[in-house]
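Subject: Structure handover

Hello,

Here is the structure I promised to pass on. Please open it alongside this message.

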Amino acid sequence: MTLRLPSAAPLLTPSRTAVLEGIAGYVPPDAVANDALPAAWGVDDAWVRRRTGIGERRRAAPGVTTGDLALEAAGRALSAAGRPAVDAVVVATSTPDRPMPAMAPRLATRLGLGGPAAWDVSAACSGFVYGLAAAVGALTSGCADRVLLVAAEVYSTLLDPQDRSAGILFGDGAGAAVLRRGAPDEPGAVLAFDLGSDGSGDELIQVPGGGALERSSPGEFGPDDRYFRMRGHDVFQHAVTRMTQSAHTVLKRADWAAEDIDRFCAHQANARILSAVGARIPVPDDRHVTNIARVGNTGAASIPLALADAAARGELHAGQRVLLTAFGAGLTWGSAALVWPELSAASGIEAVDPVRVPVV
Amino acid sequence: MSPVQSAVTAVLTQKFEVSPEYIRPEATLESLDLDSLALAELALALQEELGVPVAEEEAARHSTVGELVATLNAKRA
């Protein structure tokens, strides 16, 4: 028997929730334009743009890891929030520096945060929304007073160099948010969630090898099984259907109508998925928060990166009702409803003054 | 025109801006300029419109409009 909340039930207790008080993004400086993609793929700029909406994506330089991108985004988000004390660090990633340990403890130490609670969330491209739910849980349960949530990915080193369809999509990047405990009527409050999964689709997006499965039957795996694999056709249909359903559910829980959505920020998977979801919710194109053209699909990092970028351009305003929706490997999906806060500063993908973060 | 035929025609003309004169039974989906992502989108739109599942191989690059309509008609029968 499955126990489900009635779809219209508020998911959060009315008295306490998480309030957003800082957000930032970071992408590595090396950009790969469509025309610079491998000649063997036989693609040109117009073809890639028509198919994906992507003009360029960033690549981490050799020696630069997911943890390095996370550090930069986290330092910027903490600065944007006024460098408050943080007692929990959550990292959302599916491209961790190592299988073990989690990324969050090392990040907390590199940031000089003392010894906060620190753990990773593995929900692939839904990682930021799942991480946000973890942050709300930590704050409302009293486990933490302020959470640093960082989503970071280096996909470029996980892709098969011969896999054109993944190669044109994915980029490297990170986004980070600072959240504190607060009341639902404050600007910045996270008001409702919908999270879901369907493990019967676990092979649609995966890295087959490199885990206990391969170690238990090493003869059944080859070196190519260490690469990211995605079945695009099926993923497209699941992504559009699940993101649309999840958005509708969270709207009910937040007691918002579709036309109440001021800004819609979905996982930047592919511009055509975004427009298919937007048409079905529906949300008009001019309310979409998007930066896929410039950074590609950055996995869990895509939502905070797009939000930070929009905030840095002055496209997000205090009091706006913002809907977040994500879909990723697992399969996993999730949505969150929040009210945008007044933020002092945000750094997106544009070059900014380097943030001084203590590096341990 | 059967409901399936009109759904296929409507999706192709409205969502993918295919001119109606090109939508002939022998036309392959590829010849209508549908790339692989567009095929996924077409399958999803027809699923939503007709309430029957549309598998990847049923709306493939080499499928003709006539084959697609016949497959969907059979599913709805």
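My notes on it follow, by topic.

First, a caution: this is a predicted model.

**The sheet in chain A**

Start with the open sheet in chain A. It has 4 strands, in the order S8-S13-S12-S11, and the pairing is mixed. S8 and S11 (263-266) are the edge strands, and each of them pairs on one side only. On average, neighbouring strands of this sheet are turned by 10° against each other, direction ignored.

Look at the S8(A) end. S8(A) pairs with strand S13 (residues 332-339) of chain A in the antiparallel sense, over 7 bridges. To find your place there, pick Ser197(A): its bridge partner in S13(A) is Thr332(A).

S11(A) pairs with strand S12 (residues 321-328) of chain A in the parallel sense, over 4 bridges. Here Phe264(A) stands opposite Leu323(A) in S12(A).

**Helix H1 of chain B**

Next, chain B. Helix H1 covers residues 3-14 of this chain. Its 12 residues should span 16 Å at 1.5 Å a residue, and the end C-alpha atoms are 16 Å apart, so the two agree.

Which residues of H1(B) are buried? They are Val4(B), Val8(B), Val11(B) and Leu12(B). These four cover an arc of only 95° around the axis, which means that they sit on the same side of H1(B). The spacing fits a general rule of helices. An α-helix has 3.6 residues a turn, so residues three or four places apart point the same way.

What does the buried side meet? The buried residues of H1(B) pack against helix H2 (36-50) and helix H3 (65-76) of chain B. The face turned away from the buried side of H1(B) carries exposed residues: Pro3(B), Ser6(B) and Gln14(B).

**Where the chains touch**

Last, the contact between the chains. Chain A brings 9 residues to it, and chain B brings 9 residues. On the side of chain A that touches chain B, helix H7 (232-254) and helix H8 (271-280) of chain A each supply at least two residues. H7(A) gives the most to this side, with 6 residues. By type, the residues on this side of chain A divide into 3 nonpolar, 3 polar and 3 charged.

Best wishes

Conventions:
Residues are numbered from 1 along each chain as its sequence is written. Chains are lettered from A and ligands numbered from 1 in the order in which they are written. This is a predicted model: local features need pLDDT of at least 70, side-chain atom pairs count only at pLDDT 80 or more; totals for chains, interfaces and linings use all residues. Two residues are in contact if their C-beta atoms, placed from the backbone, lie within 7 Å. Ala, Val, Leu, Ile, Met, Phe, Trp, Tyr, Cys and Pro count as nonpolar, Asp, Glu, Lys and Arg as charged, and the others, Gly among them, as polar. Two strands pair if DSSP finds at least two bridges between them. The expected span of a helix is 1.5 Å times one less than its number of residues. A residue is buried if 20 or more other C-beta atoms lie within 10 Å of its own, exposed if 12 or fewer, and partly exposed in between; C-beta atoms are placed from the backbone. The arc is that of the directions from the helix axis to the C-beta atoms. Axes are lines fitted to C-alpha atoms, for helices over the stretch in contact, and angles run from 0 to 180 degrees between N-to-C directions.
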